[in-house]
Structure formats: structure tokens, C-alpha cells
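Welcome! Take a moment to look over the structure below, and then we can walk through it together.

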Amino acid sequence: MHNIVVNVIQSVRPDLILNDHENDNLADVLNSLDIVFIVDELENKLGISIPAEKIVPENFESVNSLAEFLRACMK
Amino acid sequence: MRIRFADFAIRGVQLVLPTHEVSFDDEVGSYNFPPHQSAKLKLVMGYDRRRVVASDVTSSDLVVAGFQDLAARGLLDLDTIDALVVVTQTPDYLIPGTSYIIQGRLGLPQDMLCLDLNQGCAGYIVGLFTAFSLLGSGNFRRVALVNVDVVSRLVAVADRNSRPIVGDAASITVVEAASGHGPIYGNLKVDGKNWDALMVPAGGMKIRPSLQTAVPATDANGNARALDNLVMKGDAVFNFVMQEVPPMIEALLADSGIAKESVDHFVFHQPNPFMLKKLAEKLEVARCKMPMDLVPRYGNSSGVSIPAVLCSSFERSYFDQPRLMCLGGFGVGLTWGSMLMPVRDLAFLNTLEV
């Protein structure tokens, strides 16, 4: 899951150095369009629907928190 | 705020669109998008075609053309309008209100009420609430509700957050007393603490327009805009819509006692297809019941988007039978509101291009 998240974010924002955002500060550098793209790409890749109310900055706080959130979505 | 009306009805709806169409493909060079994102933006956010006015066309121009067309075709006797409620964020002037300009240009009777409301994406709900309330006073028999915005004139050329989806349009909705019609359920909420989530900083009395307010500055996302331009906090608006709109609709349905399955269509403000898709999922409403294709065709026309969907997605004859429609608006203010009402026997439901 971690690698999928990294690949998706990298495809949307190739300018980001994701090693800096493993544990925090990811939401600070993503804008709303980035998040829309990331959600759409993750939904397509994972075959899931991310609930609207879960598309909040807390779940995009870091690469690890996003991966953890997606794991929970898939349970 | 819970709302309930009875014995009032929508008599007809006319959409007025500028003929001038621009496409995202033609404008994409203006924005700071990586080239590979363009196709995705069209697909996910609906960035495609939109209707915009020429630089000298005002809100009253669109509305006057709409009324003149209705009168010329014998669909509306302008002399029977008791009140003109104009909902706009883009008035012709700060003073006077645009309703007076429209009244004067059309030569409407002096014996009437003209009222201007500054509202945007919830403006159709707020406007209907106002129009029904006027009818409820007993002093008015027929109210013309106008929603109009030419927001394209307020967005910066290089603002990729707003410009690719903004469309201009006007609508005229005639509401009147109709014995036995209804009931109409509704609700309205306001969060003025977040008034700056959608705004134009300069132009009012707080910051007067000047040479300085016209100078663009580039933000962290590469959007260049001036204080004279519309600015939207995309994250805040997205979160607001996702948090507040689904419970608003659920509360409306609970208040009415009407099952979700009994609603024929959910016609919501059209921010972009992504947000509408998410709302449909959250509300567990079939996508065929929730139109979400206005933005790619005409753009997001703020308070006009709900009547724009009514006029462009449905035939008038569809309402020969009563249809239960759930309308929802949300945006500037912040404001969110919804109405659940039967719609039937419309005298007109059409689109005029000017």
C-alpha cells in the first residue's frame, strides 16, 4: 500500500520529495486539486470508493497516514 | 432553519445563456498545469466548455433579454409581475440594485416591489425562500425570481482554481399562488464565520478598487490573481460541502417524512462532477437521479446552476405529471439550503441563447 500511495502522489505531484513527507507535512503541500486527483487515482487503482467525509486533511497528513487510512477503507 | 410552505408553485423557468463558448483546451496555456494533468482535469473536474459573456455584457443585459423573449412568445405577461427578486453577486452597479435597472429597462409597472439579494451558489434556494415568503404575505400574487451571475468578469485569467469552471448565465423563475399545490419543505443554514472562503476582496467599502488592487500576485499554487478577482479557498469549500450537504438532505427528508426513493430527482448546485459524484455516493442516490453534467457543457454558473439543470436536463412535458424534486444549493456565505417540492404543469421550461 505504501508503494501505491507513493506512486500515485508522485504521478500527481512529481515535484515533491516524498521522503520528506513520510510522517508529516504532506497535507501542507497538497492543494485541493491535488487531493482530488490523488483520490481519483487511488480509487481507480484500488477499486474502492473513498467516502466523501473522509477526504479531509487529517487523512492526507503524511504518506504513512494515507496508506493506513486506505488499508482501513479496504477492510 | 426549517421551512414549510403550501399553495405555491413554480410556474415556469427560463435559462438565459450567452452564445459565446470557450473551451479548456484553448485556454490551458494560461494555467500553471503540468501538461499531463489536462486530460485528467477534463475527466474528473469537468473542465471543458463554458459559456461566458463579452467584456461589456452585464447581468441586467442577460435578464432583460430573457424577459423580453418570454413576453414576445406570449409565455409571460410582464404587467402581472408583483415583485422582482434579483439574486446576484455581479450587479451592474454598487448603487442602485440591479432589480431597479431591470424594472426600468423592461418598463414594468411602478406598482411593484424590487428586491436585490447578494447570494451565490445557494442563491436559488434563498431566492425561492424569499419569493415564497412574499407570496405568503398575501400582498403578492406573482413573483419573478431572477438568478444571474457574470462571474467570468471577476476571475483572473491565470487562476486555475476558478476560471476553468466559471460560466455565466441568468434564469427567470416565475412563482405564484397555486391552491392545493405542495407542500414544500426546506431548510437553510448559514456559517458567516467562514465568510472569506469565497470572496472578492476589493470593490466594496473595505478595500476600494484602485490601480494597486488590479495588480496580480502569484500564490503558492501558481495562481495569479489580484484583489479585484474572485478568490476561493478550495480546501475549505470542499470540506464544507462534504460535511454539511449530506446531513442537510437527510434532515430535509426526515422532516418531510418522504422516503428518499420517492424523490424523482436531486438537482443540486453544480460545483464540479467530482464533488457531485461524492455527494451521490454519500447520499446513496443513483447517479441517474442526480444530474451532474452541467459544468462540462456550460460551466459552473453559481446561483443559476439549479435552474440551468432544470432547463437543460428535462423537457417541459416531463412535468405534465407531478415530479418530486429535491433542490440543494451550497456556497458563498457560507450558506447551504435545500427544498423538496412537487413540480408540475410548467408554462415554460426552456433555454434562450443571447
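Predicted model: local features only at pLDDT ≥ 70, side-chain atom pairs only at ≥ 80, totals over all residues.

Chain A and chain B bury about 1,800 Å² between them.

**Where the chains meet**

- Chain B brings 22 residues to the contact, and chain A brings 21 residues.
- Carbon and sulfur atoms give 55% of the area buried between the two chains.
- How many salt bridges are there between chain B and chain A? The count is two.
- In one salt bridge, A:Glu43 pairs with B:Lys278, and their closest N and O atoms are 2.3 Å apart.
- On the side of chain B that touches chain A, at least two residues come from each of helix H2 (37-45), H6 and helix H7 (273-283) of chain B.
- H6(B) supplies the largest share of that side, six residues.
- Sorted by class, the side of chain B that touches chain A holds eight nonpolar, seven polar and seven charged residues.

**A buried threonine**

- B:Thr98 belongs to helix H4 of chain B, which covers residues 98-106.
- Is B:Thr98 buried or exposed? B:Thr98 counts as buried because its relative accessible area is 0%.
- A polar atom of the B:Thr98 side chain lies 3.2 Å from the backbone nitrogen of B:Asp92.
- Not counting residues up to four places away in sequence, B:Thr98 touches B:Ser60, B:Val86, B:Thr88, B:Pro91, B:Asp92 and B:Asp116.

**Salt bridges to look for**

- Side chains of opposite charge can pair when their charged atoms come close.
- B:Arg73 and B:Asp69 form a salt bridge through their side chains, at 3.0 Å from N to O. B:Arg73 counts as partly exposed because its relative accessibility is 44%, whereas B:Asp69 is buried at 17% relative accessible area.
- B:Arg225 and B:Asp219 also meet in a salt bridge, at 3.4 Å from N to O. Here B:Arg225 is buried, with a relative accessible area of 13%, while B:Asp219 is partly exposed at 27%.
- The side chains of B:Arg344 and B:Asp345 meet in a salt bridge of 3.7 Å, N to O. B:Arg344 is partly exposed at 29% relative accessibility, and B:Asp345 is partly exposed with a relative accessible area of 43%.
- Which residues are linked in a network of salt bridges? One such network links A:Glu43, B:Lys277, B:Lys278 and B:Glu281.

Technical notes: Residues numbered from 1 in each chain as written. Chains lettered and ligands numbered in written order. Heavy atoms only, no water. Contact = heavy atoms within 4.5 Å. Buried area = accessible area lost by both parts, 1.4 Å probe. Salt bridge = Lys/Arg side-chain N within 4 Å of Asp/Glu carboxyl O. Helix = DSSP H or I, 4+ residues; strand = E, 2+ residues; numbered from the N terminus. Nonpolar A, V, L, I, M, F, W, Y, C, P; charged D, E, K, R; others polar. Buried < 20%, exposed > 50% of the residue type's maximum accessible area, 1.4 Å probe, protein only. Polar contact = N/O pair within 3.5 Å; in protein donor to acceptor, adjacent residues only side chain to side chain.
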